[in-house]
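Dear colleague,

I am passing on the structure below for you to look over. My notes on what was found in it follow.

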2 protein chains.
Amino acid sequence: MPTPSTHAFLKHIPLFTACHEEELARLAERAVEQRYEKGQMLFQRGDPCQGMYVLVYGRVKIAIVARQGAEKVIEIIHPSQSFGEAVMFLEQPYPVMAQAVEDSLVLFIPADTLFAALDEDSRLARRMLAGLSMRLRTLLRDVETYTLESAVERVVGYLLNSLESSGGNVVNLPVNKQTLASRLNLTPETFSRVLQKLSEQAGIVVEGREIRVPDSNKLSEMRNLA
Amino acid sequence: MPTPSTHAFLKHIPLFTACHEEELARLAERAVEQRYEKGQMLFQRGDPCQGMYVLVYGRVKIAIVARQGAEKVIEIIHPSQSFGEAVMFLEQPYPVMAQAVEDSLVLFIPADTLFAALDEDSRLARRMLAGLSMRLRTLLRDVETYTLESAVERVVGYLLNSLESSGGNVVNLPVNKQTLASRLNLTPETFSRVLQKLSEQAGIVVEGREIRVPDSNKLSEMRNLA
DNA sequence: CTGTCAGAATGATCGACATCAAGAATCGAA
DNA sequence: TTCGATTCTTGATGTCGATCATTCTGACAG
């Protein structure tokens, strides 16, 4: 399955950059390319987990599914991000589901391949530990956000965060507004109203999935008052 | 600092049970016993992290502190549990604070000691990865609980969970009701009212920190309706 | 015993966000 | 272009849990 480019691709994933060439070659060799169309599930809650994923292109959402079908988006995966490692180590079924929200290509790395690599290279283990720690920190921030911040604060926080990582003064929403709303733990209606309010009071301009933020300071101030 | 018993104690912590005797001995030797009185802080948000902790006896709460002082309890640490590992791997300041809610004794394991042990023993690394993954799963369940469940459901869930791990039909609250309320993301008032309601409708009996649950099925049913 | 103080319970009120219900806009396929 | 289906917006109404305020309880020091 793997093309020569798999090797090069993995080399640029933070998790694997420190690996020796041979190790990388073996990982690349055993990795499986999987294509998913928009809307297809990669796995569902309860499925057994046999490895980890790295997203090459496209977009994947990770969500929890409650009884009576309500779903809550936990994370939106962008290219080069990995996911599913934690479940692999636990050797338990997935507690979440993953679905492609665009046509996507992922690399699937079988558990035993990765475990072998871990035994050989303590640096990889260290990176993996750091990676999971990072994930933990992110999730902790989410808990903080959900429990301590209001709807407006959550949206403002998201926008400022996106601005920061993109550099410019425009945010391009990575998914449709429903999905993003769920990620921010809002209903689509509330999300819409918050954007409306920020347009009036903080001068942002919403055009479809593109949001321009002429004055990020003004936006930032919305967090504190009201 | 370490007494001979430190070695024996560490041996029974899941994380370290698989370690070789010599390794364990070195960890025990370098571990530092620290005593904290009720109310004392182990560390605050922003403090540098130089190692991980294992609680020997007492009780410790981990909490996030928002601006204007509001605090939200993330976790209540029981004896034999470890905490602070994730931050150690990230080499960033603590994103949370830790405070003794009872007189407590902890073992502090310096980062370099642990890193050395990790390099030597890939099984320890694997256990550590599993440990962090477990933590991640727990936190994910919390997110699920906070975002998808009502106040009554959260309290019922907590009680049933406690019953399950203790075996009997009595739950002894590990901390005062304010703190537990915060852990469940409730105000003390709401928590009190929910317990009141469960007394009337599910037959539980609340006496201080002791809660008797004569019929756990009846309690369980409260989750679904209303 | 008495005063004090933290913890807990109870009552009254309020507000943020969800829900329900239509419309409006956007997109994609024929 | 046109039609249909999503996706998004907007409005009216409802509700869960927070907040504010008071009372009650029990533990403990003096």
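Of the 226 residues of chain A, 49% count as buried, where buried means under 20% relative accessible area, exposed over 50% and partly exposed in between, with a 1.4 Å probe and protein chains only. Please bear in mind that this is a predicted model, in which local features need pLDDT of at least 70, side-chain atom pairs count only at pLDDT 80 or more, and totals for chains, interfaces and linings use all residues. Residues are numbered from 1 along each chain as its sequence is written, chains are lettered from A and ligands numbered from 1 in the order in which they are written, and side-chain values use heavy atoms, with hydrogens and water left out.

As to overall form, the C-alpha trace of chain A spans about 55 × 40 × 30 Å along its principal axes, and chain A contains nine helices and eleven strands, taken as DSSP runs numbered from the N terminus (helices H or I, at least four residues; strands E, at least two). Among contacts (heavy atoms within 4.5 Å) in chain A between residues at least 6 apart in sequence, 73% join residues at least 24 apart.

In chain B, one residue deserves a separate note: B:D142 lies in helix α5, which covers residues 122-148, and B:D142 counts as buried because its relative accessibility is 13%. When its neighbours within four places in sequence are left aside, B:D142 is in contact with B:I74 and B:R183.

With kind regards
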